[in-house]
Amino acid sequence: KIVSASPIRLSAMSHSHCAAFFCVVILTGPYEAIAIFVSLAMGFLMLDLCLSELVGIVPFAGGNYGFVRCSLGPFWGYLAACMEFAYYNFYNARAIDKISLLVSTAADANPDLEPLWAFLAMIFVVGLNMKGGNTFWLLMMLVTLYTLVLLLIFFKGAYSNIDFYKYALGHYLPADQHNDGSVGNIRTYLRYMSTPNSFFIGLDILPLASLCVRDEARVVPRALIVGWTTMFVLSTLTFFAVMCHFPGASSTLKKATFVLQFGLEDAITINPNYYPLLLLAPTVATAVGFMFGAGNQLAAMAESGLMPRILRSRFGIDSVPGVSLVCCGIMQYLIYFFIHQYEPNIRYFASDIVNLASSGLFVLLCVSFIVFRVNFSSMKRNFVNPFGIPGAILGFLYWSFYFIVRSDHRFQPNRKATKAFYIFMAMMIVYYFAYVQFVQFFSKEEQEKFMKVYILNANMKRKQSTTLKSIH
């Protein structure tokens with residue numbers, strides 16, 4: 001189910017969120033935009049290879065924070081859980097906003113009704129996750145096939161009118177229209193380095209589906225690798241289609257309400273108001289996928305004593321976390337509603353928090369991989385990262401740099417988001433030392449799957465202690 005559905009579905013849906021990326025072609029020039037895209041793709045590749053090996057050792061379905069908690073300790077695991085929690089929920093708030101915008105545009109409706117469309121979308125998203133089972137996976141498979149066909153139609157239309165030298169090299173803005181007065185310098189790279197992340201983000205949700213598949217230690221790592229490859233191919237094709245399309249990137253973006261519209265217009269002829277509807281199903285599936293991750297991760301936190309006990313409840317053959325899903329749905333809608341009401345641009349605000357939370361989580365995952373490689377090298381691995389520790393160090397350096405840049409107000413579209421993220425993390429740290437550290441424990445799944453790691457870790461510390469005593 002995961003290998004066939006998730007990679008293509010997630011990568012294809014990402015294309016409905018990437019209008020900002022193509023503006024980079026105009027603001028930096030094509031070669032600098034390619035550098036931004038390739039460096040981010042390599043950062044995600046290093047991360048996915050590390051995560052594939054970790055899942056191949058211990059297929060933990062409770063969230064990626066479990067690997068950090070096991071290898072670096074309870075406090076760092078808690079920080080990872082909080083960042084993962086913020087990442088999933090704010091990303092989904094942005095997806096719900098996108099759904100409401102698509103419906104409002106297609107129906108030519110009053111923009112004041114967008115919160116209503118978002119509310120109805122949230123009910124559907126939570127309801128489908130609550131249903132679970134074969135219905136859930138069948139609908140996601142159908143969306144996968146639909147989105148793939150939609151992308152093929154887009155490529156057919158877009159690639160009929162491309163010319164790199166004529167359109168890509170000749171249609172970015174002159175230097176006097178840049179905020180910093182230059183084209184393609186390092187400052188511009190840093191400002192826009194995060195914009196392609198919607199192409200790849202979301203693959204890290206796949207380990208959370210370990211409870212839903214057989215032989216998860218083999219299947220999930222394969223899904224992660226197939227997923228990254230699928231995303232890279234489709235994203236590369238989409239990127240060059242936009243960059244090299246007649247009559248040039250700037251003119252193309254001005255006439256397209258949504259990113260894929262210009263290519264679809266070259267391939268099929270329908271009422272212009274209906275083009276947004278073509279992207280509705282993939283965007284709803286984005287929200288469904290991230291709700292799946294948010295609900296399961298919140299339930300796993302509760303099962304470890306990091307959240308209230310009531311959130312542990314699960315039911316059905318897929319162990320659906322019903323209470324957690326409802327709580328996440330309410331929380332995500334409130335995030336959407338308040339940002340929608342009080343923040344002029346919800347996408348920048350939510351995206352900036354997602355960038356900070358996800359990159360912080362990715363840094364900790366790279367460190368966890370190194371710890372597993374050094375301390376637990378004897379454990380069976382169903383997948384081996386070919387780049388090993390050097391690849392993890394490269395991923396660690398990239399995502400650390402990414403986190404630092406996104407924390408710098410000079411490169412942040414929305415400074416309020418940075419303050420909100422650090423305030424949230426500070427509050428969660430206070431909550432940890434005031435309460436969580438006294439009541440937390442290892443869940444049943446953690447005890448079953450990480451027990452060998454705990455034993456090896458305890459033995460190693462005992463040996464180190466004995467060695468130190470003998471030295472003294």
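Here is a quick look at aromatic pairs and nonpolar cores in this predicted model.

Residues are numbered from 1 along each chain as its sequence is written. Local features need pLDDT of at least 70, side-chain atom pairs count only at pLDDT 80 or more, totals for chains, interfaces and linings use all residues, and side-chain values use heavy atoms, with hydrogens and water left out.

A search of the whole structure turns up 35 aromatic pairs. Rings of Phe, Tyr and Trp (its six-membered ring) pair if their centres lie within 6.5 Å; planes under 30 degrees apart are stacked, over 60 edge-to-face, and the rest tilted. Here are two of them:

| Pair | Centre to centre | Angle between planes | Type |
|---|---|---|---|
| Phe 75 and Tyr 432 | 5.4 Å | 65° | edge-to-face |
| Phe 362 and Trp 399 | 4.9 Å | 70° | edge-to-face |

Phe 75 sits in helix H5 (residues 74-107) and Tyr 432 in helix H18 (residues 415-439), 357 residues apart. Helices are DSSP runs (H or I, at least four residues), numbered from the N terminus. Phe 75 is partly exposed at 22% relative accessible area, while Tyr 432 is buried at 5%. Buried means under 20%, exposed over 50%, and partly exposed in between (1.4 Å probe, protein chains only).

Phe 362 and Trp 399 are both buried. Trp 399 also touches Leu 40, Phe 44 and Cys 366, among others, where contact means heavy atoms within 4.5 Å.

A nonpolar core is a set of buried Ala, Val, Leu, Ile, Met, Phe, Trp, Tyr and Cys residues joined through side-chain atoms within 4.5 Å. The largest has 120 residues, and Phe 44, Tyr 87 and Trp 399 touch the most other members. H5 gives the most to this core, at 16 residues.

Key. Helices (H or I, at least four residues) and strands (E, at least two) are DSSP runs, numbered from the N terminus. Lists of a residue's contacts leave out its neighbours within four places in sequence.
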